[in-house]
Amino acid sequence: MDYRPIDHSFLPIGTHLIIKNPSYKIAADNNTIIHSNNPEDVIIIEHHNDELFGDIKWSTDLLNEKEVEAETADDFQSYGDDYFISNNYTAAIDEYSKGIELEPQNITLLANRAEAFLRLSQFRNALGDAEIILKYEPNHIKAAFRKGKALCDLKRYHEAIITLQDLHQRLETDTDRSNAPIKQSTEQLLEHVKILASENKNGKYDYTRIINEYCERAKIRKGSRHNDEWIYKSGPRLDHTDFLFEDIEIRSVEGKGRGWIAKCDIPENTLLMVSKAFSVVYSHEVLRHNMQSNITSDKTTCIASSLCNEELITRVTQKLLEEPYHCQEVYQLYYGLNLGKPDKINEHLVNVDIIGNIIKYNSFVLESGIIVENDLNGVGLWILPSYFNHSCVDKNVSLFLLGDLMFVRSLRPILKGEELLISYRSADSSYEIRSRYLNSIDIDCKCRLCELEKSEAPETTYRKTQLINTFEKLIKPKILNNDDPSLIKRIEKIISELRNLRKEHPDLEFDTLELNKILSFVYHKNGNPKAALSILKEVYNLYKNVHLQIINYIILDILSLCIELKQMEEAREWFDIVLKRLTGPILGKFEDEVNWKKEAYYVAEKIFPVMNSKAKLLGLISDNFN
Ligand SMILES: C[S@@+](CC[C@H](N)C(=O)[O-])C[C@H]1O[C@@H](n2cnc3c(N)ncnc32)[C@H](O)[C@@H]1O
């Protein structure tokens, strides 16, 4: 609010500033804003005074020198506690630290600072303080608890379990009633750490529990259009941990930098990785409240995406400043082929330009699906999944996001030595759209589809574009409000010509997928559901092995048509097919054919609301699932 343009004579370019407690923010133009809340925390150093850098004294400190001398460790504890109570943990840490400087063995100050560090997710610092306390007072209960918590958050589960078990034993025999709450918290934390340790080691996740947690964190409120809208206070971020399948590894891949490779044959539906976001930003966190209800409009989506990106750069930068031990894993991402041969990065320095680039090349965009309930847009950085390279048409790995957890599974059997691939852009978008994005991150994709599209004669490409444009501009707008049967002929003609243009490679012909879905819709509108159904079944049979989102929508349409035509037996079969396709990427292989549906339906009911209504129509809810 106090913004005034800075006059060049006041701050000539090249002026040295020293800023106490700066915070960082990335602006829309990717410039870094360094800001300070207190003008007295900014000191301007004149060039001829450079030597002052060494022993700078803050004017604020100088002004208060008298008072400072009079202040004791107890005073700092009380200032720190005040900040702590008002949730200002950074300021609390500042005050506790001043007290600790006076009395390095002050147990209360160290214990309070450890808790403040935990609240700010600065786990190494918290662990450091807890360990100092335990050196002086090995039986300090709160310090042991905080040590266990910090170890858990640092993913040192084995050590966390030992610490907490030891504490638990001591508390068992403790008669002091005031320790009852911490005893209960220790039991809960211990149980939680054991779950995390098993997830981390064996990839054993209790999906039902995770889905429940996910839903619990969702708050439903009435949206502006009286719809139930899902909003999340700050997430949803889930208290579960990473897992990495031991038979995959990162290796260099010719022409692509590095990528994930199978070390031995991997069966279909194997859990390859569960990755917790390094940082994730949801659009509702950055959009003003009044813009949220408008989230679907193109402009809002665009603003949201740019704000999310800025915020992600800011959060990653801040996290690296607070926990520099993460720098290495983040900066490793920078060494991909995409960024040429960068100078060796100083991994101890936080560099916003580099972080911006890392996010540009590696972030995952969360798009709201129509089927999935978690209508959340946003962007996030997941470290290990960032090493998956792209293929438009031959991906062999599925990604499933639940809150900030990314589940990665094999989509089909993968052979030893094969590269594990995902799709950054789906094969059913046009070559132009795909390559525009891929080129922006330095990918000249050489998958079967791209090679074919590059080699096609210009007149073929031109004719295809012409046909698609005719459909988009002249036919599509008429479909919703018009049941003119002549539209059927026109769409069929376009589909037939498009198929003909790629008759040598029918398996790589994706342009007619959406057209066929719409053709089926028009047949239905014209009172011919049987023809509508048969079109969709044909499309399904042609493309069932290609992993495209649109196929799931096609199956749902088939399912609705079967229900409408009272072909209930067939509808149930289609229900099973779509249930497996939707829940497979999280639940994996359905080993128990009898029980799988129960589990899959439970999951689907929670996160795929469309399934719920279909199941009701099929009478499945009262039959089997209640
Ligand atoms: C998210 S990173 C993937 C990991 C990257 N290969 C690395 O070594 O860090 C994306 C970058 O990988 C490379 N890449 C991914 N898929 C590729 C492909 N199909 N062909 C060529 N390069 C690819 C590009 O340089 C792209 O900018």
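The model is predicted, and local features need a pLDDT of at least 70, side-chain atom pairs count only at pLDDT 80 or more, and totals for chains, interfaces and linings use all residues. Residues are numbered from 1 along each chain as its sequence is written.

The protein chain has 26 helices and 17 strands, taken as DSSP runs numbered from the N terminus (helices H or I, at least four residues; strands E, at least two). Of its 626 residues, 32% count as buried, that is, with 20 or more other C-beta atoms, placed from the backbone, within 10 Å of their own.

Four strands form an open antiparallel sheet in the order β7-β10-β16-β15, two strands being paired if DSSP finds at least two bridges between them. The edge strands, each pairing on one side only, are β7 (243–244) and β15 (397–402). Helix α23 (residues 568–587) packs on this sheet, touching β15 and β16 (405–410), and its direction makes about 85 degrees with that of β15; contact requires C-beta atoms, placed from the backbone, within 7 Å, and axes are lines fitted to C-alpha atoms, for helices over the stretch in contact, with angles from 0 to 180 degrees between N-to-C directions.

In helix α24 (residues 596–607), the buried residues are K597, A600, Y601, V603, A604 and I607. Seen down the helix axis, these residues fall within an arc of 165 degrees, and therefore line one face of α24, the arc being that of the directions from the axis to the C-beta atoms.

Definitions and conventions. Contact = placed C-beta atoms within 7 Å. Buried ≥ 20, exposed ≤ 12 C-beta atoms within 10 Å, placed from the backbone. Expected span 1.5 Å × (residues − 1).
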